[in-house]
Amino acid sequence: MVVFRQMEVADVEAICAIEQESFNIPWTREAFMNELTNNMLAKYMVLEVDGVVAGYVGMWLIVDEAHITNIAIASAYRGRGYGEQLMTELAALAQYMGMRAMTLEVRVSNQVAINLYTKIGFENAGIRKGYYSDNGEDAMVMWRNF
């Protein structure tokens, strides 16, 4: 059974494990705790598959724009369409909360993610040179209007 729900403090350990396997510079436990307890602009959603936290996505709501902060699916659950489902759920939440557009940055080398974002209506809006601090890679800025 697949469930989408609001992220809770109790999810942070599972989320950090997904971060570790997904990113060169993963967010820390403290970063997620701050997002969940102190950042009033932040909204985070969890994907559960058969009761297991299998992915998550987050956004900041700034005026009428949803800025995607991060998204990851646990490696054991990749390739099954869960990323698309999670982004679709997040977009529906953003629209419900009155957002008029969504934006994100993605590594220019991450063609799998770029394909996903394009499939769900995001468009390339430009490049941020040297955006990623781990290797200086450029980021593609993508937008989706509602």
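Modeller: Strand E2 (42–49) gives the most to the lining of the second largest pocket: four residues. Keep in mind that this is a predicted model. Strand E1 (2–6) and helix H2 (29–37) also supply at least two residues each. The volume of this pocket is about 220 Å³.

Now find the lining residues in the structure. Among them are Arg 5, Gln 6 and Met 7. Glu 35 and Leu 36 line the pocket as well, and so do Asn 39 and Met 40. Further along come Ala 42, Lys 43, Tyr 44 and Met 45. By type, seven of the lining residues are nonpolar, two are polar and three are charged.

Glu 35 leads us to helix H2. The buried residues of H2 are Phe 32, Met 33 and Glu 35. Which side of the helix do they take? They cover an arc of only 160° around the axis, so they sit on the same side of H2. An α-helix has 3.6 residues a turn, so residues three or four places apart point the same way. What do the buried residues of H2 pack against? Their partners are H1, E2, E3 and E4.

Helix H1 (12–22) is next. Its buried residues are Val 12, Ile 15, Cys 16, Ile 18 and Glu 19. Seen down the axis of H1, they fall within an arc of 160°, so they line one face of the helix. The cover over them includes H2, E2, strand E3 (52–62) and E4.

Follow E2 to its end now. Asp 50 lies in the loop between E2 and E3. Its phi is positive, about 50°, although Asp 50 is not a glycine. Most residues other than glycine have a negative phi. Is Asp 50 buried or exposed? The cut-off for exposed is over 50% relative accessible area. Asp 50 has 58% relative accessibility, so it counts as exposed. Val 63 has a positive phi of about 55° and is not a glycine either. With a relative accessible area of 76%, Val 63 is exposed.

How much space lies in it? The value is about 1400 Å³. This pocket is lined by 39 residues, and the closest to its centre are Phe 23, Asn 70, Ile 71, Asn 110 and Tyr 117. E4 provides the largest share of the lining, seven residues. H1, strand E4 (65–73), helix H3 (82–96), strand E5 (101–107) and helix H4 (111–119) each supply at least two residues. The lining divides into 18 nonpolar, twelve polar and nine charged residues.

Stop at Tyr 117, one of the residues closest to the centre of that pocket. Tyr 117 also belongs to the largest nonpolar core, which has 44 residues. Within this core, Tyr 117 and Met 87 touch the most other members. Which residues does Tyr 117 contact, leaving aside neighbours within four places in sequence? They are Ile 71, Met 87, Leu 104, Val 106, Phe 122 and Met 142. Ile 71 is on this list, and Ile 71 is also among the residues closest to the centre of the largest pocket.

How values were computed: Residues numbered from 1 in each chain as written. Predicted model: local features only at pLDDT ≥ 70, side-chain atom pairs only at ≥ 80, totals over all residues. Heavy atoms only, no water. 1 Å grid on protein atoms, 1.4 Å probe; cavity = no way out; pocket = protein on both sides within 12 Å on 5 of 7 lines; lining within 4 Å. Points joined across faces, edges and corners; volume = space filled by probe spheres on them. Nonpolar A, V, L, I, M, F, W, Y, C, P; charged D, E, K, R; others polar. Core = buried A, V, L, I, M, F, W, Y, C linked by side-chain atoms within 4.5 Å. Buried < 20%, exposed > 50% of the residue type's maximum accessible area, 1.4 Å probe, protein only. Contact = heavy atoms within 4.5 Å. Arc of directions from axis to C-beta.
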